[in-house]
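Please walk through this model with the structure open beside the text. The tour moves from ring pairs to a sheet, then to a helix pair and some backbone details.

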Amino acid sequence: MAALVVRGVRDMLKRADFATVPRRHRHKKKWATTEPKFPATRLALQNFDMTYSVQFGDLWPSIRVSLLSEQKYGALVNNFAARDHVSAELEQLSARDFVKEAISHGEPEPENGQTAAPSPASWACSPNLQCFTFARGDVSCFPPARLGSLGVMDYYLMDAASLLPVLALGLQPGDTVLDLCAAPGGKTLALLQTSCCRKSEGWCLRQGRLPTSSCQGHTEYDELPGPGHLAANDLSTSRTGRLQKVLHSYVPQDIRDKNRVRVTSWDGRKWGELEGDTYDRVLVDVPCTTDRHSLHEEENNIFQRSRKKERQMLPMLQVQLLAAGLLATKPGGHVVYSTCSLSHLQNEYVVQGAIELLASQYSMEVQVEGLTHFRKLFMDTFSFFPSCQVGELVIPNLMANFGPMYFCKMCRMT
């Protein structure tokens, strides 16, 4: 009885309050249009706080503040420019070539009971890449790249951790290469750098060994022999437009005119049907939540409310792309899968899902290759998550604020 009285009083008060308002001012709240909306960057942070605090535990506060802080960059030297001159200028800024330093540490220790370490040509690193970074704790910035004396840009500014998937591919002389999700073009450019013949240092890819006097007849740069050795694809035509601009700015016209790079805008999920069993090396740098971008930019932010379904479908898309990349690889060939996300749902789970999918539908055996030696080689430059089940993950750290960057190397066995 008392409850009915209280309810009746509340109804009377509501009617009384409403009656005092002139009819022309009366309105109902329209939540969809009148309530303030959270920006996508805030929604991204809320999502990360919920998921990554569980995934990373005590590490998450440190990763979180690093993600929200200014990112560090690396300067990828353009081998088509006057490389020695560019390198000297970057050294004057107190930057150092982190790739050269890492490789100078020596070959990796034997793994899985092997009696001898493999040679530098086979153990993991793609050759000829030169990328400068500032030391840990040094928050200096590189000046914007400029047009060099040879008519191309001197260097390309990128997250230095983005170079690790390209290094992990371990390109060999004459390899046919597919960059399945190539835009905006940083990794494609890095792949092209490996095909330059350098007379002064590094590998001569024309002859597949260290340069000797027989290389003296080569030009300052040269490309791998054979037509169409690099296929660069991205579904978005606007993004392939950005890729074309990068190639135009960094690759000499005579190299572009020889059609050594084939740029396409096909659906990468169908690549196994289009060009199955074709490539020696495939890079599958998939669309992801791009965690750092999602925390800083409203434009093209996948945490916008209108893109919720697209975000939820990301892992399925990533599995399909990785499976297509493996199908496009020759038996015995290698694939590197990569994202710029911290999410294990987009990283380890996708790798395991694609391997299981190919095993069940195609009876294909895929073997994940260990990259613990990469962690050892590059630990002076990057901070690695110590508990990855599959692959390696660079986590942002205030002293080395690169990443996030996940990468996993696989070999198609059958």
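Rings of Phe, Tyr and Trp (its six-membered ring) pair if their centres lie within 6.5 Å; planes under 30 degrees apart count as stacked, over 60 as edge-to-face and the rest as tilted. Ring pairs of this kind link Phe98, Phe374, Phe378, Phe382, Phe384, Phe402 and Phe407 into a cluster.

A word on the source. This is a predicted model, in which local features need pLDDT of at least 70 and side-chain atom pairs count only at pLDDT 80 or more, while totals for chains, interfaces and linings use all residues. Residues are numbered from 1 along each chain as its sequence is written, and side-chain values use heavy atoms, with hydrogens and water left out.

The chain holds 17 helices and 12 strands. Helices (H or I, at least four residues) and strands (E, at least two) are DSSP runs, numbered from the N terminus. Of the 414 residues, 48% count as buried. Buried means under 20% relative accessible area, exposed means over 50%, and partly exposed lies in between (1.4 Å probe, protein chains only). Contact means heavy atoms within 4.5 Å. Among contacts in the chain with a separation of 6 or more, 77% come from residues 24 or more positions apart.

Back to the rings. The ring rule gives a count of 15 aromatic pairs. One of the pairs is Phe48 with Phe303, edge-to-face at 5.4 Å centre to centre and 90° between the planes. This pair links distant parts of the chain: Phe48 sits in helix α3 (residues 40–56), Phe303 in the loop between α13 and α14 (308–312), and 255 residues separate them. Phe48 is buried, at 1% relative accessible area. Phe303 is buried too, at 3%. Next come Tyr337 and Tyr406. Their ring centres are 6.3 Å apart and their planes stand at 70°, so this pair is edge-to-face. Tyr337 belongs to strand β9 (residues 329–339) and Tyr406 to strand β12, 69 residues apart, so that pair also links distant parts of the chain. Tyr337 and Tyr406 are both buried.

Turn to a sheet. Four strands form an open sheet in the order β2-β3-β1-β4, with antiparallel pairing. Its edge strands are β2 (96–97) and β4 (155–158), each pairing on one side only. Two strands pair if DSSP finds at least two bridges between them. Strand β1 (residues 74–77) and strand β3 (residues 131–133) run antiparallel and are joined by two bridges. Which residue in β3 is the bridge partner of Leu76? The partner is Cys131. Helix α5 (residues 83–92) packs on the sheet and touches β1, β3 and β4; its direction makes about 160° with that of β1. Axes here are lines fitted to C-alpha atoms, for helices over the stretch in contact, and angles run from 0 to 180 degrees between N-to-C directions.

Now a helix pair. Two packed helices are described by the angle between their axes and the distance between the axes. The axes of α9 (residues 186–193) and α10 (residues 237–250) come within 9 Å and cross at roughly 40°. On the α9 side, Thr188, Leu189 and Leu192 make the contact; on the α10 side they meet Leu243, Val246, Leu247 and Tyr250. By class, this contact has six nonpolar residues, one polar and no charged ones. Ala, Val, Leu, Ile, Met, Phe, Trp, Tyr, Cys and Pro count as nonpolar, Asp, Glu, Lys and Arg as charged, and the others, Gly among them, as polar. Is α9 enclosed or open? Eight of its eight residues are buried, so α9 is largely enclosed by the rest of the structure. The peptide bond from Ala183 to Pro184 is cis, with omega near 10°. Pro184 lies in the loop between β5 (177–179) and α9. Another cis peptide bond joins Gly403 and Pro404, with omega about 10°. Pro404 is placed in the loop between β11 (392–394) and β12 (405–412). Thr290 has a positive phi, near 40°, in a residue other than glycine. Thr290 is found in the loop between β8 (279–285) and α13 (291–296), and is partly exposed at 27% relative accessibility. Ser363 has a positive phi near 55°. Ser363 lies in the loop between α16 (348–362) and β10 (366–369), and is exposed, with a relative accessible area of 62%.
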